[in-house]
Amino acid sequence: EAHFYLIVSFFLVLIVGILILIFFDRMVTSSEKNILTKNRELIKTNQELDRFVYSASHDLRAPLTSMSGLINLAQRDPAQAQNYLRLMQERIEVMDNYIKEIVEYSRNARLKVDIIEVPIEKIVHEVVNTLKYSVDTNKVQIEIHIDESFQIKTDESRLRVILNNLIANAFKYQDFTKPKPFLRIRA
């Protein structure tokens, strides 16, 4: 009978040992999978960061290179200095807008989405009024056709950024060679 208990105890210890090994093996395998997944995510993030740095450095260097050339031209031809200064100011504005876009993108990636009822007509008017002082809007007829009661559920700050970019581009890329340029906003 003691021999029987010894054999049963041996098999119980063996089974418990095997179960412990299986548990640890699964735990290690799961950890390895998590590590591999995280490594793939890090590789992808690093590649995206590399592309961003390349693109950002290129987009920031272009206005600087242009301004450097304009400074050289202004030094050679002082009579045209005012014209060159105006062109340099435009390059500075391009760079400033690009930096603002980078900051907005960075902020957007970190902020949580806050979904609320947003009055579209009110936001569009606010964006248009803000842009009136930063872009050449006096040459463009502005028409806003949005019902005051029209609302959507969205993140207001992100919608404001999107509308600002769309409306600013609509002003910026008007064809002023055509008679009566206009901007019509409907929702």
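Author: The second largest pocket is lined by Glu104, Tyr105, Arg107, Asn108, Leu111, Ser157, Arg158, Val161 and Ile162. Here a pocket is an open set of points on a 1 Å grid over the protein atoms alone, where a 1.4 Å probe fits, with protein on both sides within 12 Å along at least five of seven lines; lining residues have an atom within 4 Å of a point. This is a predicted model, in which local features need pLDDT of at least 70 and side-chain atom pairs count only at pLDDT 80 or more, while totals for chains, interfaces and linings use all residues. Residues are numbered from 1 along each chain as its sequence is written, and side-chain values use heavy atoms, with hydrogens and water left out.

The volume of the second largest pocket is about 230 Å³, counted as the space filled by probe spheres set on the points, which are joined across faces, edges and corners. Its lining divides into four nonpolar, two polar and three charged residues; Tyr counts as nonpolar, Arg and Glu as charged.

Two helices, α2 (81–110) and α4 (156–172), each supply at least two of the lining residues. Helices are DSSP runs (H or I, at least four residues), numbered from the N terminus.

Now follow α2. Its 30 residues should span 44 Å at 1.5 Å a residue, and its end C-alpha atoms are 44 Å apart, which agrees; the expected span is 1.5 Å times one less than the number of residues. Tyr84, Met88, Met95 and Tyr98 of α2 are buried, meaning under 20% relative accessible area (1.4 Å probe, protein chains only). The buried residues of α2 pack against α1 (2–76), where contact means heavy atoms within 4.5 Å.

Technical notes. Buried < 20%, exposed > 50% of the residue type's maximum accessible area, 1.4 Å probe, protein only.
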